[in-house]
Every structure is written in structure tokens, then in C-alpha cells.
Amino acid sequence: MDKQQATKDIYSVTGEEKLGTINLLSQEQVDKMIHQTSDAQSDWADVEVYKRAEILHAWADNLLKKQDEIAAMVSEEVGKGYSSAKKEVARTADLIRYTAEEGVRLHGEMLKGDSFKGGSANKMAMVEQDPLGVVLAISPFNYPVNLAASKIAPALIAGNAVIFKPATQGALSGQLMIEALLETDLPENVVQCVTGKGSEIGDYIVTHPEIDMITFTGSTEIGQNISQQAKMIPVVLELGGKDPAIVLEDADLELAAKNIVAGAFSYSGQRCTAIKRVLVADSVADELKEKIQKEMEGLSVGQPSEDAAVTPLINTAAADKVEGLIQDALDKGADLVVGNKRENNLIYPTLLDNVTTDMDVAWVEPFGPVLPIIRIKDEEEFVSLSNESQYGLQASIFTEDVKKAIRIGAKLDVGSVQYNAKTERGPDHFPFIGAKNSGLGSQGIRRSIESMTRDKVFILNL
Ligand code: NAP
Ligand code: G3H
């Protein structure tokens with residue numbers, strides 16, 4: 001007789017409602033699924049690219065048909081305001097379509113032999129981009145639809161099969177998204193969703209011999225663990241961040257404050273690209289602080305069902321962490337400007353001024369609604385403090401002085417520099433890179449497809 005399937009009930013972020021139940025798959029079950037997916041891959045790679053693209057377009061259509069249902073689940077499962085959740089689904093449909101369009105133009109290249117000294121015009125190389133095989137896509141809780149599809153779609157268009165491991169809190173949303181894909185003409189087993197706790201099955205899938213590539217978005221801790229375990233297969237990692245908003249003394253402070261508040265507090269700061277520290281020139285710090293505080297008054301705080309911008313954090317441990325960071329800063333002499341109020345896992349948006357480098361909140365990624373202001377004396381300190389972080393995802397520079405902006409931007413150890421705007425990932429076809437402990441490799445639609453292919457060279461000797 002079969003052993004009883006282990007399961008886990010998934011509750012809404014507020015803990016009030018049971019949303020569904022997921023299977024906690026055993027290693028044997030996962031092994032069987034990976035094997036099936038590996039078997040399905042070569043036939044999928046043989047499907048014409050335009051047909052693969054049609055399947056992706058059908059997936060996008062289905063997502064939009066189910067937009068309300070999926071958004072409702074995202075909203076409750078990960079505590080995101082309903083309108084943001086709807087935008088996540090629509091953005092995902094757009095991303096899938098763009099991926100399909102980009103994929104059909106993956107033509108490889110042709111090289112002539114005589115462009116290298118000593119080479120010969122009689123030699124010609126045709127380079128095609130082959131799929132890698134089975135891609136393992138591991139996604140985090142905060143964009144359970146978008147950050148999963150942004151791995152699955154490029155893998156599929158390039159001819160790979162996919163094992164998808166969603167975050168446990170986020171798995172029901174991920175499963176709905178996969179349902180929309182399985183309702184297309186996608187052949188059986190080309191994509192399979194593996195549910196279970198990362199701490200229990202994670203190491204097993206990451207080291208499985210039939211996994212040919214890993215694309216992971218999540219915390220730096222887990223990402224580092226994955227990169228250490230994966231042997232001789234490509235790994236792309238998008239990890240944590242501590243993005244600074246660098247505000248120079250000639251900045252448009254109104255613009256800076258608006259962008260800082262939107263960047264720091266939307267979805268309660270649970271975005272890798274959230275602004276997580278403000279580094280501001282001493283001479284304008286008071287004025288900026290007042291403008292940020294005023295802008296924060298417009299933030300809606302409440303429940304996902306109320307469509308609030310700041311909602312309860314994903315779990316109690318996350319809220320405890322943020323509360324601890326605030327308390328540590330206050331104990332060490334930071335000034336509380338506004339906030340530091342908690343109701344269960346709902347942390348009110350909190351602004352701390354006069355934060356210094358001995359405080360944890362100056363360095364630790366809170367993944368919650370707390371924003372430290374650090375006052376800076378000169379250009380050198382802007383760069384050194386920015387770069388002292390273990391992270392290097394993005395940075396924003398606010399200034400009217402283009403030369404200074406470019407000079408400082410060039411010295412920052414980050415994947416992207418935003419000038420006079422908040423840090424953010426989109427538009428989704430831009431390259432998206434984490435430097436240092438923020439990641440490995442590059443994403444963004446074109447880059448993601450390329451990361452899931454391998455060049456194969458056919459050399460004609462004429
Ligand atoms: P997380 O705890 O690292 O989890 C991410 C995923 O990894 C989940 O699916 C998780 O499954 C799985 N996992 C856990 N242990 C694993 C293991 N040993 N092997 C393989 N997979 C394992 O991250 P999170 O809390 O969901 O997301 C928040 C973090 O992600 C933040 O640090 C944030 O900055 C980062 N993030 C980065 C980006 C970016 O693009 N740079 C985007 C979004 C989020 P379970 O849920 O079952 O544990
Ligand atoms: O949480 C990490 C996401 O990649 C951030 O995306 O900047 O569009 O919110 P976003």
C-alpha cells in the first residue's frame with residue numbers, strides 16, 4: 001500500500017483563512033518527476049520554435065483570463081495589496097509574450113575564419129544556441145507568479161524542460177500559474193512543479209544529476225548554499241540587496257523624497273530592489289527628512305484586502321527581525337522620526353534618522369518597512385559607505401549634476417545605477433544583475449534566455 005502523502009496547509013498571511021493544501025513531496029517522488037521531465041526534454045527541444053512561442057502566448061492569454069483568481073490568491077497568500085497582485089499577473093503575461101518574441105529571433109551567428117590573423121577564408125563557423133536540458137527554477141515568496149514565470153518562460157522558449165520549485169508560502173499562487181500553462185498544448189512533463197520545504201528537499205534537487213542548470217531568486221544565504229553545492233552546471237542567482245538612495249546636495253529633494261518613499265515602502269519593503277538606506281549630504285539632510293516624512297503620511301497601512309501599500313509581513317520571524325533592527329538602532333542612539341508601531345506582523349512604516357555604521361540597520365537587509373537615514377560628509381564617503389555593503393544590487397543617485405552623477409555611478413559596485421529615480425527591476429527586458437553577494441550572472445528577458453542555452457559550433461571547412 002502507498003504511504004500516505006505528506007501535506008501542508010497554507011494559510012493567508014494574516015493567518016485567518018486556510019487557502020489550500022500542498023503536497024510535501026518525498027525525495028523518491030521528486031526523483032521520479034525529474035526523471036520524467038528529463039525524458040520529455042529532447043522532444044520538446046525538437047518542437048519548432050514558433051510553436052513553442054505559440055504555447056507561451058497561449059499561457060499569457062490564460063493568465064489574463066484567470067487574472068482575478070490568481071491575483072486574489074497572490075494577495076492573500078503573500079499579503080500583497082490586490083491591485084499590486086493584479087499588476088503582477090498582467091506584468092507576467094507581458095513578460096511571457098516578450099520572451100516568446102525574443103526567443104523566435106534567437107538565430108545564432110556566423111563567423112568567417114579570415115577575420116583572425118592566420119585564419120582562412122575557407123573556414124566558417126555556424127554558432128547555434130542549444131538548450132541545456134532540465135532547468136531547475138527556484139522562486140521566492142514575494143513575486144510568486146512573476147519571478148517564477150521569468151525563469152520558466154525563457155527556459156521553455158530555448159527548448160529546455162523545467163522543474164519548478166516555488167516558495168512554500170507562495171506555492172498555491174505558483175500552482176495556479178502552472179495550471180494556466182498546462183491548459184495550453186504544452187506536452188506532458190515538460191514542466192513539473194515540485195512542492196515541499198526547501199530545507200527538506202532543496203539540497204536534494206539542487207544536486208540531482210539530471211538537473212542541468214539552476215536559476216534561483218531568494219536570499220543570499222540560500223543562494224550561496226546552492227552555488228557551493230551545484231557541481232559543473234551553470235547557476236544564475238538573484239539574491240538580497242541593500243540598495244542605497246544617494247542624495248547629493250543639489251538634488252531635487254521633492255523628487256528624491258517621492259521616489260525614496262515609493263521605493264522603500266511599496267509591498268512593505270519586501271522587494272529585493274527596495275531602497276533600504278538613504279545616504280544624504282549633511283547640508284540637505286534635515287530638509288530631505290521632512291519631505292520623506294511628509295510623503296510617508298500618504299502611505300496606506302492595513303490589510304491586503306484593503307489594498308494597502310504596507311501590509312503584514314510574510315511571517316512572524318520576518319516581523320521580529322524588523323522590530324529587532326529598529327530596537328537595535330534606537331538603543332544605539334538613532335532618532336525615531338515616525339513609526340515603530342507593530343500589530344501582529346504588521347509593522348508601520350518606520351523612518352530612522354542619524355543612523356550610524358555601528359547599527360545593524362545600516363547593513364542588514366530588513367525586507368520590511370524600515371528606512372535608515374545616514375548623513376554623509378563628502379563624495380568619497382558616499383562611495384565608500386555604499387560599497388562597504390556585502391550587497392551590490394542597485395543604487396539610486398539623486399542630483400542635477402550629470403557629470404557628478406556619472407562619476408559616482410561608475411565607482412559603485414552594483415549591477416545597476418538609477419539616476420533620479422527609485423531602484424527597481426523593470427522594464428523586464430533590461431539586464432538585471434546583482435554584484436557581490438547580490439547575485440551571479442545576469443537576468444532580464446534576453447539575458448535569461450541566453451543563460452539557459454549553450455553555444456554549439458559547426459565549422460565548415462570549404
Ligand atoms: P528564501 O528563504 O531564500 O527562499 C527562496 C526559495 O528557496 C524558496 O522557494 C525556498 O523554499 C527555497 N529554498 C529554501 N531552502 C533551500 C535549499 N536548501 N535549497 C534550495 N532551495 C531552498 O527567500 P525568500 O524569503 O522567499 O525571499 C526573500 C529573499 O529573496 C530576500 O533576501 C530578497 O532580497 C531575495 N530576493 C531577491 C530578488 C532578486 O532578484 N535579487 C528577488 C526577490 C527576492 P521554501 O519556501 O520551501 O523554504
Ligand atoms: O524582489 C525582487 C524583485 O526582482 C523586484 O522587482 O523591482 O519590479 O519590484 P521590482
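Visitor: What do the side chains of Lys289 and Asp353 meet in?
Guide: A salt bridge, at 3.5 Å from N to O; the term means a side-chain nitrogen of Lys or Arg within 4 Å of a carboxyl oxygen of Asp or Glu. Lys289 lies in helix H10 and Asp353 in strand E15, so the pair ties together parts that are 64 residues apart in sequence. Helices (H or I, at least four residues) and strands (E, at least two) are DSSP runs, numbered from the N terminus.

Visitor: Where do these numbers come from?
Guide: This is a predicted model, where local features need pLDDT of at least 70, side-chain atom pairs count only at pLDDT 80 or more, and totals for chains, interfaces and linings use all residues. Residues are numbered from 1 along each chain as its sequence is written, chains are lettered from A and ligands numbered from 1 in the order in which they are written, and side-chain values use heavy atoms, with hydrogens and water left out.

Visitor: Is Asp353 buried or exposed?
Guide: Buried, with a relative accessible area of 1%. Buried means under 20%, exposed over 50%, and partly exposed in between (1.4 Å probe, protein chains only).

Visitor: How many salt bridges are in the whole structure?
Guide: A search finds 23. Among them is Glu48 with Lys51, at 3.7 Å.
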